[in-house]
Amino acid sequence: MTTEVLHEKIQLLLDEDCCHECEGYGEDKICVHIEAIAELPTRFGDFHIVGFSNNRDGKEHVAIVKGDVIGAENVPVRLHSECLTGDALGSLRCDCRDQLEASLKKIGAMETGMVLYLRQEGRGIGLTNKIRAYSLQDAGLDTVEANHALGFQDDERDYAVAAHMIHSLKVQSIQLMTNNPKKINQLTQHGVKVNARVPHILPPNEHNRFYLETKAAKSGHLIDLRKQRFAEQREPTIVEGMDETQIKALYE
Ligand SMILES: [Zn+2]
Ligand SMILES: [Zn+2]
């Protein structure tokens, strides 16, 4: 497919989507509209970036799209929740940047695929509350205790947003890049056809080396280490080189 043909399809999609109306997805009856699409050359490959508006919170969710996904089947998809401290600042309190880079690299090398970049900073509690949670962790609480202390509850709005974004782009079916099988159920509930789960495995590097260093340690030790990290992407990190026992321990 030539760039011109793709751009014609994009224009058609934009023209159609502006008149889109629906009942909304999920408890919050969220509805999203495609607002703008542009080319986005990156260090990980050439993508298009799609900007969405929604009827609820003014958050600007985006899709980073490789190739022509409009009407396509089996499109590899990664859901990434925004993490300013990790994604942009390179914080080592979480693995978000590693996860984002690994998914962009992987999808950038594919024919089609997309990363949905959901503006759900700190699991939806917002940047300032995330900093409060970090501060509680500095004082000795673990991630779970810190979140409870802040009255944090799981918020699943992002799956509704993600499902609507996938439908807005007319993607017929996806392969979800995740280590968390529960995410598939959530998307399926919102009408997304998920044909497969592709494990999201990070290459080992100096920052996630600590997972591998526990190879010889007891699994309990591994869990303790994990607790000190803020699990913003809501799934355990699997690093290339981890064995079955270590992966199993992450889910216990
Ligand atoms: Zn809608
Ligand atoms: Zn993070």
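Is His 200 buried, exposed or partly exposed, and how many C-beta neighbours does His 200 have inside 10 Å? His 200 counts as partly exposed because 19 C-beta neighbours fall inside 10 Å. The structure is a predicted model, in which local features need pLDDT of at least 70 and side-chain atom pairs count only at pLDDT 80 or more, while totals for chains, interfaces and linings use all residues. Residues are numbered from 1 along each chain as its sequence is written, and chains are lettered from A and ligands numbered from 1 in the order in which they are written.

The protein chain holds ten helices and nine strands. Helices (H or I, at least four residues) and strands (E, at least two) are DSSP runs, numbered from the N terminus. Of the 252 residues in the protein chain, 34% are buried. Two residues are in contact if their C-beta atoms, placed from the backbone, lie within 7 Å. Among contacts between residues at least 6 apart in sequence, 65% join residues at least 24 apart.

Seven strands form an open sheet with mixed pairing. Their order is E1-E2-E3-E5-E4-E6-E7. Strands pair if DSSP finds at least two bridges between them. E1 and E7 stand at the edges, and each has a single partner strand, so one side of each lacks a neighbour in the sheet. From one strand to the next, the twist averages 25 degrees.

The pairings can be followed across the sheet. E1 and E2 are antiparallel, with ten bridges. Thr 42 has Gly 45 in E2 as its bridge partner. E3 and E5 are also antiparallel, over five bridges. Here Lys 66 stands opposite Gly 113 in E5. E4 and E5 pair in the parallel sense, again over five bridges. Leu 79 has Leu 116 in E5 as its bridge partner. E6 and E7 are parallel over four bridges.

Strand E5 is mostly covered, and six of its six residues are buried. Gly 113, Val 115 and Tyr 117 are buried on one side. Met 114, Leu 116 and Leu 118 are buried on the other.

Which residues touch the most other members of the largest nonpolar core? They are Val 77, Met 114, Leu 116, Ala 162, Met 165 and Ile 166, in a core of 39 residues. Such a core is a set of buried Ala, Val, Leu, Ile, Met, Phe, Trp, Tyr and Cys residues joined through C-beta atoms within 7 Å. Several elements each supply at least two residues of this core, including strand E1 (32-42), strand E4 (75-81), helix H3 (96-108), strand E5 (113-118) and helix H6 (157-168). H6 gives the most, with seven residues. Leu 116 touches Ala 63, Val 77, Leu 79, His 80, Ala 162 and Met 165, not counting residues up to four places away in sequence.

Helices lie across the strands. Helix H7 (residues 181-189) lies across E4, E6 and E7, at about 160 degrees to E7. Axes are lines fitted to C-alpha atoms, for helices over the stretch in contact, and angles run from 0 to 180 degrees between N-to-C directions. E6, H7 and E7 make a right-handed β-α-β unit. Right-handed means that, with the strands pointing away from the viewer, the path from the first strand over the helix to the second runs clockwise.

His 200 lies in the loop between strand E7 (194-198) and strand E8 (201-202). Beyond its neighbours within four places in sequence, His 200 is in contact with Arg 78, Gln 99, Ser 103, Met 177, Thr 178, Asn 179 and Ile 238. His 200 and Val 239 are 39 residues apart in sequence, yet 8.6 Å apart in space, C-alpha to C-alpha.

Two other loop residues stand out by backbone angle. Most residues other than glycine have a negative phi. Asn 74 has a positive phi of about 60 degrees although it is not a glycine. Asn 74 lies in the loop between E3 and E4. Lys 170, likewise not a glycine, has a positive phi of about 60 degrees. Lys 170 lies in the loop between H6 and E6. Lys 170 is partly exposed because 14 other C-beta atoms lie within 10 Å.

Key: A residue is buried if 20 or more other C-beta atoms lie within 10 Å of its own, exposed if 12 or fewer, and partly exposed in between; C-beta atoms are placed from the backbone.
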